[in-house]
Amino acid sequence: MKTKRFTLAAALAAASTAGCMDFQGLEGERPIETHVQDWRSEVVYQLMTDRFANGDYANDYRVVENAPARYHGGDYRGVEEKLDYLENLGVTALWISPIVKNVETDAGVDGYHGYWTQDFTQLNPHFGDLLSLRRMIDKAHARGIKVILDIVVNHVGQVFYYDINLNGQADERVGGTGPLIAPKKPDGTPTSPVSHVNEYDPDYDPRGVQAWTSLGEAGPAPIVFAYDPESNHMPPEPPIFQEARAYNRRGRVWEWNAEQTLYGDFPGGLKDLNTENPEVRQALIDVFVRWVELTDLDGFRIDTLKHVEHDFWKTFAPAVRQRLAQKGKNNFFMFGESFDGDDKLVGSFTFGDEVDSVFYFPQYYSVIRDVFQEGKATKQIEDLWNQRLGPNGNYGTTPQPGGIGVPPNKALVNFLDNHDVGRFLFFKNDKAALNNALLFLFTEDGIPCVYYGTEQGFAGGNDPANREDLWWSGYSQASPDYQWVRRLANIRRSYKALTHGEVKVTWASDRTGSESDAGIFAFERSGGDAGDAYALIVLNTKGDKESSTQFNAAGMKVSVPGGTAFVNVLDPNETVSVAGDGTLIVNVPASSGKLFVRSSDVIAGL
Amino acid sequence: MNRGAWIIGLAAFALSRPGLAQDEPAPPPPAEPAPAEPAEAPKEPAEPPPAHPPMVRGKVPAFMGPVRVPGKKRELDYPRSSFSFGSYGRVVVASDGRGGEGRDADVVARGTRIDEGPYAELELRRDDEWKKDLSSRIVTTLAIGGPLFHYDGKFDAKLAVRNLYLEERGIGDKGLSVWAGSRMYRGDDIYLLDFWPLDNLNTVGGGVRFELEGGKSFAAWHVGLNRADDPFQYQVRPRPAPQNQPGTTDVEILNRPRLVSSLKLSHIVPMFGDKGGIKGVVYGEVHRLPSGERETQPGRYEDVPGDSGMLLGGQVGLFTGEHDTFVNLFFRHGRGLAAYGELATPQGTSPERTVEGATETRIGIAGNFEHNPFAVVVGGYFRSFREPTPEEYNFNNVDEGIFVVRPHVFLGDHAGVAVEGSYQAQQRGILNIATNQPVHAKLWRFGLMPYLSPAGAGVFKRPVLRLIMAFTQRNEDARSLYAHDDVFARRKVEQFYGIGAEWWFNSSSYGE
């Protein structure tokens, strides 16, 4: 019996010393590596982690599924469980929501989206632990799927208030300062309609938010960090972000001019970081490089790019590239969001050591909205592209040093919609138009990005209505929308001209009525890194009539010799031949498109 | 033969109850009363000693009988009644050596007793013997938790009614007893850990126990209900008063008590000249929770599916019958709802909102050896718990264990010194983001307890007055389990300098 007692005791001691859980090598420091050769070959899928799939019901605290602005329960485990769904769709890169710990809730709205950072060093527990994040990324990599992290450096969540009336408490209402401080319009009316001030979100003041008492201004308003563990309005981490100097402290933007855009708090009381401060810059580099080192991420989607000065990006981006390269990760992709239709402004971040690419918002406005949804002239597409591809274009034409090896103007991230704008079908409830826009998305140059739910025909309006729970779709892989995206992704992957070919517009029209070519837009993809590969895309953006690539008896001139036979990949039964004069006239039904390749290049079964 | 078949039938009946289910994460068990050893109560020779000598069944306790006159045999008068008071209690006050309060530094669910806080049970008991071999007992046990009024100045107390039941014995067969009410229902413990590793149910219900002649074997079946005040089982919402009356009335949207049934079979093989023996126990539980619905938002409801679970376990013990020397080994495995304590509710569920897939496994050891003037008492357990959620990596998934050894030296009959060494560790299913390694909390503890024991020399002699000195070294992960600003999140070594008292007498709470 003594022996038995000793044996059990030893077993107990051993078990309690070693632990029994199998962490599958997900613990500890792990090497990181390069998973991408050429980002133009990727198909990005943007998902909101909270809304994509719920795989772990243990982290479903404060979940209110029927409230669009509250947590819904999605997590990394859910993403992992749906990798089959994503792989079958043809997705090769996931863009996931910010992972860092957020302010939990504010004014009845939750930080489910991830853009309200409270602690840069901790994970948002709603989405899972580092183990589940690592495992999800590992399993994605095993399928050839890369993972891009959404990051925010412009601001943090609503972590402090301006003690405007110097009473040491956060007041909801401090009378009268808005119109007094705000500059007046020429007619004398205040530019800010605010007649009272919330100390968490006061109006922008170029001097910095000022304290104010009944006797008038009283100097800069001190900032006071909130301390409410329940809503996680807590002093931010790492500690540099608990210093006043880490913030610009000028209050909320009320006019999107250059100064306020750079230095103002983002609406909602999101505190603008003083990214000119070297300590802040270094801290931001450190925390985000660390997340890549921990999880082997493949890229950053950078929020609110234009709200941060160029000089920051010239420091941040090279530092990230350098540090990751030292650890063995190259081709790390950094693309930014500049929520603006100003092509020159958006492109300005792609020069001189800044980001590799940007989210192509000007195209969203000028093409997706204006042309595909509102039926404006396709000439707008050509004009926009010329600003990108032409001489002295708005976008960088040489790869960033140490970057992805592709010039920014050929690696823009294209999209039809995203989490910040209403879905395509919300603005134009026409599946044919959507499918046509998707054809455009998957055949133009750059990198296509599909917003989750597009493949299920979601049609939500503006934020947060456009952030539906994907699980209500049942993750159907048989739905026509899913099958269309899958097919387009497959075609893009199969024809190198579509990923690497240079772009040449062969037809664009400024006509939108009953003219023969109204709504027609056609472009070639060939040459360049695609070598001899060739593709011709012809789209009819008109929703009410068939159009063709001709006008006033002049047909579309293409770059291949006369007599070249084409097959429409989307309908292999359709073949056409280039006329002897090098022209091609193609009739395209309303809201549809054709994708021609040489008959000798056709890949069967796509 | 007939009795044996009946016992087997009972077991089959209880264990065939519907299915496995899942349940909630096992929150730390409620503070449980330490085992009480009624010093004056007659001991049944065949029972394993100690920690808690069982209630003597089918016998009239000596204190209940009339005064016997030597040399004269007289008839007993029936009915006869008695009223008794029993208690378990401990009062401890301690300093952390830095001017602060001494605190419990354990990381495992059931840590060592050495730094436990005050707790007491006051038991009031009425016994009636209606005729020979036919009796009844009414037990009321009030439990009191700290802090005490004399400590914090708050004129109140944490009170709970734990036992409140009636037991009747000898109806139909002198070995048969039945009971109903609220009852602590448990077997042998690991004294050093204040932990019942095999069976420890707190329900409102009833049970039957049948003991074979000689008291060496018994079967006990019980069924009870729990309804934790948690949205998993209970939800109340205000609704407009009926009949167009002003105001509101509370409506129970969800009210689904958990049904818990247990069966225990115990047998003792006599040894050591019938003073000691080998004790074997087979134990099982089934748990059932009906389906229901709850409101998630005003006017919105979701179905809450039913749940179930099952637990099987066993115990093997050896006791000498002398000097409280024994060793007990425990094992149990629970699935579904039975993986959780009867009053616990889950943190995470399966995708179907059930606890199917939850598991808990325990193995434990308790033992004592005394050879005046020396003794050594040991305790330990290993526990593994998994939530039913498909995600294996979460905070509530736990592997943990502890081993404690406490040698005593008796300094004469009324004093002694105990030295305690222990090691405990807990691994959770997450990474410590600071170290990038699994959270693996560990702590070592060394304690010294000189004590006075008027009842004599022995590990389980009570009452005792004692001084307590304990030093606990905790690793970084142990500290990481405490919130920012808690000194336990910073200090590597904890000290505990205390003075305390512990007693138990005449308590029935620890019978089977």
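Let's start with the open sheet in chain A of this predicted model: eight strands in the order 16-15-14-7-2-1-18-17, with parallel pairing. Strands here are DSSP E runs of at least two residues, helices are H or I runs of at least four residues, and both are numbered from the N terminus. Two strands count as paired if DSSP finds at least two bridges between them. Strand 16 (357–358) and strand 17 (413–415) of chain A stand at the edges with a single partner strand each, so one side of each has no neighbour in the sheet. At the strand 16 end, two bridges tie it to strand 15 (residues 333–336) of chain A, running parallel, and A:Phe335 has A:Ser357 as its bridge partner.

A quick word on bookkeeping. Residues are numbered from 1 along each chain as its sequence is written, while chains are lettered from A and ligands numbered from 1 in the order in which they are written. Since this is a predicted model, local features need pLDDT of at least 70 and side-chain atom pairs count only at pLDDT 80 or more, but totals for chains, interfaces and linings use all residues.

How confident is the predictor about chain A? The average pLDDT (the predictor's confidence in each residue, from 0 to 100) is 93, and 93% of the residues score at least 70. Residues 1–8 of chain A fall below 50, with seven contacts beyond near neighbours in sequence; a contact means two C-beta atoms, placed from the backbone, within 7 Å. Residues 12–18 of chain A are also below 50, with 19 such contacts in the model. Where pLDDT is low, the predicted coordinates should not be read in detail.

Now for a couple of helices. Helix 8 (residues 278–295) of chain A has 18 residues and reaches 26 Å from first C-alpha to last, close to the 26 Å expected at 1.5 Å a residue; the expected span is 1.5 Å times one less than the number of residues. Its buried residues include A:Leu284, A:Phe288 and A:Trp291, where buried means 20 or more other C-beta atoms within 10 Å of the residue's own, again placed from the backbone. Those buried residues pack against helix 5 (130–142), strand 7 (146–151), strand 14 (299–302) and helix 9 (310–326) of chain A. Just after helix 8 of chain A, A:Asp296 takes a positive phi of about 65°.

In the loop between strand 18 and helix 15 of chain A sits A:Asp469, which counts as buried because it has 20 C-beta neighbours inside 10 Å. Leaving aside neighbours within four places in sequence, A:Asp469 is in contact with A:Arg51, A:Glu65 and A:His72.

Over in chain B, 10 bridges join strand 3 (residues 134–145) to strand 4 (residues 158–169), antiparallel. Six bridges then join strand 4 of chain B to strand 5 (residues 176–186), also antiparallel, with B:Glu167 opposite B:Trp179.

Finally, the two chains meet: 41 residues of chain B are in contact with 32 residues of chain A. Strand 19 of chain B gives the most to its side, with seven residues.

Methods
A residue is buried if 20 or more other C-beta atoms lie within 10 Å of its own, exposed if 12 or fewer, and partly exposed in between; C-beta atoms are placed from the backbone.
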